[in-house]
Amino acid sequence: RMCPLGWLGVASLCLGTLWAVPAKERRKAEKPKADLTLYKNLDLDNYDLTLDNYGDILDLSNYEELYDYGDLAPKIEVGTLAPRPKDPETRPGLPGTPKPRPSTGAGPVPPAPIPGQGPPSCLLCLCLGTSVYCDDADLERIPALPPDTAYLYARFNRIGAIRAGDFSGLEKLKRIDLSSNSISWADVDAFRLLPSLQELLLPENRLTALPELPRSIVRLDARLNRIPSAGLRPEAFRDLKQLQFLHLSDNQLDFIPAPLPESLRSLHLQNNNIRTMHEDTFCDSREHGHVRRALEDIRLDGNPINLSLFPNAYSCLPRLPTGRF
């Protein structure tokens with residue numbers, strides 16, 4: 001039989017042996033083993049990723065929904081020009097390679113004119129298709145225009161006169177807008193020979209007379225000028241069978257320019273010096289059943305005329321003129 005002191009020595013020897021084992025070995029021994037039963041049903045034989053099974057193994061159908069690229073998309077600002085494309089790389093000796101220009105030391109060489117680009121107006125203005133834009137270009141006269149010009153916008157310039165040859169040969173010209181210039185006179189034949197002209201806009205100038213107009217004209221706007229009644233040819237608008245809009249407000253007219261074509265829809269004569277009118281100004285007094293259904297917009301406000309003194313002058317109109325009664 002072993003005495004108690006013997007048992008105590010054996011216990012001390014066992015504890016010393018246990019603590020002698022390195023801590024790393026103890027942690028490794030204490031780490032639980034993986035339960036392989038969890039993976040017994042997992043088939044990994046076909047997990048080889050190839051181009052054939054790429055779509056089967058990885059589902060990317062919702063990949064775009066996880067990321068919002070809205071902030072990364074380039075923002076395009078309306079009105080800006082696209083960047084100029086880079087010149088293609090060329091090698092010396094290959095066909096189509098431009099030859100380098102010799103340096104003359106006199107500054108940059110101006111580009112040679114491009115065939116078919118048009119006359120010099122496209123260097124001063126902006127030519128887009130059949131439209132020419134010359135707004136606020138500090139022009140003092142009408143520039144030479146391409147022969148196929150249909151629309152001209154030359155507003156806010158310093159053009160002082162319109163000459164007979166300024167629009168010579170422009171048979172496709174439909175619209176001329178010369179608003180806000182310094183035009184004091186226009187040649188009598190400046191617009192007469194334009195067979196396609198439909199709109200002539202001359203407001204905010206210094207005109208004292210109107211030139212002869214082509215019969216194709218549909219809209220004439222000469223507001224805010226200095227035109228007196230003497231500046232209009234007798235019966236100036238009688239033969240303009242397509243004229244629909246005649247705006248001569250803020251001038252110096254002292255009578256309504258009659259006769260007016262049946263096609264007229266809008267007549268603006270406000271802020272002039274008109275004091276009287278004839279009974280046949282709008283209606284034919286000999287035809288009592290005649291009605292001018294097209295003429296619905298007549299502005300005579302701002303004139304010294306009292307419209308209530310001429311009741312028979314409106315019998316054929318669908319609406320009364322605007323003015324003082």
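Two strands are taken to pair if DSSP finds at least two bridges between them. Strands (E, at least two residues) and helices (H or I, at least four) are DSSP runs, numbered from the N terminus. In strand E11, aspartate 297 is the bridge partner of serine 266.

The model is predicted: local features need pLDDT of at least 70, side-chain atom pairs count only at pLDDT 80 or more, and totals for chains, interfaces and linings use all residues. Residues are numbered from 1 along each chain as its sequence is written, and side-chain values use heavy atoms, with hydrogens and water left out.

**Overall architecture**

The protein chain contains four helices and 11 strands. Of its 325 residues, 31% count as buried, where buried means under 20% relative accessible area, exposed over 50%, and partly exposed in between (1.4 Å probe, protein chains only). A contact requires heavy atoms within 4.5 Å. Among contacts in the protein chain with a separation of 6 or more, 41% are between residues 24 or more positions apart.

**The sheet**

Nine strands make up an open sheet of mixed pairing, in the order E1-E2-E3-E5-E7-E8-E9-E10-E11. Its edge strands, each pairing on one side only, are E1 (126-128) and E11 (297-299). From one strand to the next the twist averages 5 degrees; axes are lines fitted to C-alpha atoms, for helices over the stretch in contact, and angles run from 0 to 180 degrees between N-to-C directions. Strand E10 (residues 266-268) runs parallel to E11 and is joined to it by three bridges.

**Buried residues**

Strand E2 (residues 131-133) includes valine 132, and serine 131 also lies in strand E2. Leucine 170, by contrast, belongs to the loop between strand E4 (161-162) and strand E5 (175-177). Valine 132 counts as buried because its relative accessibility is 2%. Serine 131 is buried as well, with a relative accessible area of 12%, and for leucine 170, also buried, the value is 6%.

| Residue | Contacts |
|---|---|
| Serine 131 | Leu126, Tyr151 |
| Valine 132 | Cys125, Leu126, Cys127, Leu145, Pro146, Thr149, Tyr151, Leu152, Tyr153 |
| Leucine 170 | Leu145, Pro146, Pro147, Leu194 |

Computed along the sequence, valine 132 and tyrosine 151 are 19 residues apart, and their C-alpha atoms are 6.2 Å apart in space. For leucine 170 and leucine 193, 23 residues apart along the chain, the C-alpha separation is 9.1 Å.

**Pocket and cavity**

Rolling a probe the size of a water molecule over the atoms shows where empty space is left. On a 1 Å grid over the protein atoms alone, a cavity is a set of points where a 1.4 Å probe fits but cannot get out, whereas a pocket is an open set with protein on both sides within 12 Å along at least five of seven lines; lining residues have an atom within 4 Å of a point.

The largest pocket holds about 240 Å³ of space. It is lined by 14 residues, of which Pro259, Leu260, Glu262, Asp280 and Arg292 are the closest to its centre. This lining comprises five nonpolar, two polar and seven charged residues.

One cavity of 30 Å³ or more is present in the structure.

Definitions and conventions:
Grid points are joined across faces, edges and corners, and a volume is the space filled by probe spheres set on the points. Ala, Val, Leu, Ile, Met, Phe, Trp, Tyr, Cys and Pro count as nonpolar, Asp, Glu, Lys and Arg as charged, and the others, Gly among them, as polar. Lists of a residue's contacts leave out its neighbours within four places in sequence.
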